[in-house]
Structure formats: C-alpha cells, structure tokens
Amino acid sequence: MPALSPTMEEGNIVKWLKKEGDTVSVGDVLCEIETDKAVVAMESSDEGILAKILVEEGSKNVRLGSLIGLLVEEGQDWKQVEIPADAGAPSSVAPPAPAPAAPSASAPPKLQHQPGKLQVRLSPAARNILETHGLDPSNVTPTGPRGIFTKEDALKLLQEKQKGKPSELKPVVSPAPAAVPSPSPATAVPSYPRPAIPAVSTPGQPAALGTFTEIPASNIRRVIAKRLTESKTTIPHAYAAADCAIDAVLKLRKELAKDDIKVSVNDFIIKATAVTLKQMPDVNVTWDGEACRRLQSIDISIAVATDRGLITPIIKDAAAKGIEEIAASAKALAKKARDGKLLPEEYQGGSFSISNLGMFGISGFTAVINPPQACILAVGRARPELRIVEDEEGNEKLEQHQLMTVTLSSDGRVVDDELASKFLETLKANIENPMRLALN
C-alpha cells in the first residue's frame, strides 16, 4: 500500500483493474485506492505479470506498507509464486486459543460467551460483581449508555438474588463467598435516570425502540473530523463580516450571457478574492507552527461537497486568470471532485479558501479555517434589501439592492483584526465594482 498523499496513513482498495495473470506494463493502472482525500489510481512502476492479489477489492483501512499484491517477471510461473509468510494482514490472523485452566475451588467462575446468546457489554465493576456472585446479566435490560451493563445494574440484580428471584440468577459452581449485606436502595441505584440505549440493531429483525445503525466512516470523513478538531482547538479564529452589493456583478453576468459566456456569481467572488489578495499580500499567508510564510502564488481552494465528504480543489494562480478561465477550471475541478478523480496536486496546498452556501439559501455563516492556511471566506446567498440613497439633486429615495454577506474567518496569529477589516473593505469594493477585476 503506497502513500498517495502526504497525510495518508491507510487506504481502501476500491477496485482492482487488473486480474491475476494479466500482463502489466510501466504506467498501467493496477487498482483504485481511496486515500484520506480522494480515490486515486495506483500505477505500476514495474513491468511483469500480476501473480497474486493479496488484498481483495472492498478491503478497508489497509495500513501503509502492507503487501497488497505480487508482481513477477514475464516467463516465470505466476501460478506457483511463493507468498511471503508475513503477507497477511495482522488483523486476519486469529490469536491462538488459550489452554483451558484447571478449575479452582476458590476462584469465582468467569462469565463465558455462549453461542447463540446475545453478548452483554459489561463495565469492569459490573463484571467483578457478576463473576463474584455468579449472576446472569442476559435477562436484564442494561441501563448504561450505548447498552453497557453498569455497576448499578449488577447491584440491583444482586438485590433480586438475595430476595429469592431465581429467574435471573445463574447457579454458583464454586463455594460462594460470605454474604454481603444488601445495599440500601439509596446507595445502590443513582437518583438520576440513565438512558437505555442498545448498542446496535439486529439485522433481519424489526428495530427496537432506541436502537441505531452504526455507519462506518470513510478515510476522508475521518481525516475531515481530525483536521476540523485540530483547527478549532489550535487556531485562534477571529470573524468579521460585510454586506456587498452585487447589482453590478449580476448586470455584467447578464451581458456576458448574451455573448454565450456563462459564469456564476461565485466565479466573480473567486476572481475578486484573488485580486484582493494580490493587493494585500499580507493575507496570502500560511502558518507552519513556528513562523508565518507569505506565499508568492495566489491559489484559491474552493470547497466542494461530495458523497464522501468535503474536499477543496485548488484554482492555481487565480489572480492571473480571467473570469471565463476561472469558471471553466472551477466547473472541471468540481466534477472531478464529485467523481473522486482528483489528482493529489489538484487538492494539496492552497493559500486561501472559499466556501459558498448561497445556493442552499443560507444567508450567512462562519467557516472553519483549513490549516495551514490563515483565512477562509464564507459566502451567503444574494437577498433583496431596500436602501436609502441620494440622487443627483441630493434628494433621498428608497432603492432595492441585491446584498450578499461574506464572513472572513482569520487566524489571529498572522492576520489581526485591523488587517482582516481592511481586507474585507477592499474585497467589498472589488465585488461592487467588477470592472476593477479586469485591471488586475
């Protein structure tokens, strides 16, 4: 399993494109691997014959360096290839069963899992009580979180045993210890209620009240969770918002459409942001943990939602591109992202991020910074609002304008409040006067 991205620790085999016995040339795609970022084609660096596939397609969480296939030179008998002894995944090797211990007269019986009987999850204290007194927890509904049989459940079961309810007791094989005084209800059962939530639902049976289905997280989802937590806990986020009038952008967009040039409002925002970063290079920075780095290239990361999670493909050198070129790049990158076909160089890096939820009717929101970048711009929807303006004669009147809220999340370590405010002020001027964008 190769490292197909800098942050990759494990991968999933999505599909094998070669079969055992197929001839392989240099550059041939052997399989598709889901990394922590995207689905990437694994190309062969050697030629020969694919002799053995050791990790089948659909396998999850294959660690880096694990052997997934064997390649032999042409002319060798690929059917008789010798498989290394350590080729199997460690998780697939079952540990040897321990030798049965001789029964002890003084040791309490251990709780054993019986085939066909539902396994009960026990807390350490509950297990000790059950094994000491030979109690059977299978007939009692656990009250702990996620269906755990708690100490309180065990003490309650012990009380019922001492009251002489045999239906919920297991016979004691070894001599029972000295009788323990029954704890009072005040000490045995807590005064607060505990939710009864079974661990998982049973396939093929109607779901009981409170059951749930656990959905395995993809590599991308796990990395997103890790990086978002890292961002919110280690980066001092600061927020600033501004309302931008986009009437001129909408008018220019209609004029371009007459010439069959199709661009979106988001394309104008990308261009305006890139131009603003060119005008204010102190915002086009990253933080490496020790120092601030001012980047020469203005590379805009655009957030794209996919079935596997959020990913941010990059429009390289956006300040040097025209609106139409930005629109074509954004459209192509978004399609590749949703198809899982992005190359590592198309989503790694970036100097500034933009997340637009306006198409979902969101008026405004705050976004989480994508480290090591210092800023991310959250863009809301366009909305009509009335404003008081003065005409040429100085008379006040009401006019309707299309406003859009943009919110900047900035890393306070490298972009202070004053710099963030000036950035938003310049960005607002560039959006409201889109002719400026043609001058940069």
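Me: Let's start with Asp 260. Is Asp 260 buried or exposed?
Reply: Exposed. Its relative accessibility is 60%, and the cut-off for exposed is over 50%. Keep in mind that this is a predicted model.

Me: Where is Asp 260 found?
Reply: In a loop. Helix H5 (247-258) comes on one side and helix H6 (265-279) on the other.

Me: What is the phi of Asp 260?
Reply: Near 60°. That is a positive value, and the residue is not a glycine.

Me: OK, what about Asn 61? What is its phi?
Reply: Near 55°. Asn 61 is also a non-glycine residue with a positive value.

Me: Which residues is Thr 276 in contact with, leaving aside neighbours within four places in sequence?
Reply: Phe 423, Thr 426, Leu 427 and Asn 430.

Me: What lies 2.7 Å from a polar atom of its side chain?
Reply: The backbone oxygen of Ala 272.

Me: New topic. Which residues does a cis peptide bond join?
Reply: Pro 371 and Pro 372, with omega at about 10°.

Me: Where is Pro 372 found?
Reply: In the loop between strand E17 (352-356) and strand E18 (375-390).

Methods. Residues are numbered from 1 along each chain as its sequence is written. This is a predicted model: local features need pLDDT of at least 70, side-chain atom pairs count only at pLDDT 80 or more; totals for chains, interfaces and linings use all residues. Side-chain values use heavy atoms; hydrogens and water are left out. Helices (H or I, at least four residues) and strands (E, at least two) are DSSP runs, numbered from the N terminus. Buried means under 20% relative accessible area, exposed over 50%, partly exposed in between (1.4 Å probe, protein chains only). A polar contact is a pair of N or O atoms within 3.5 Å; within protein, one must be able to donate a hydrogen and the other to accept it, and residues adjacent in sequence count only if both atoms are side-chain atoms. Contact means heavy atoms within 4.5 Å.
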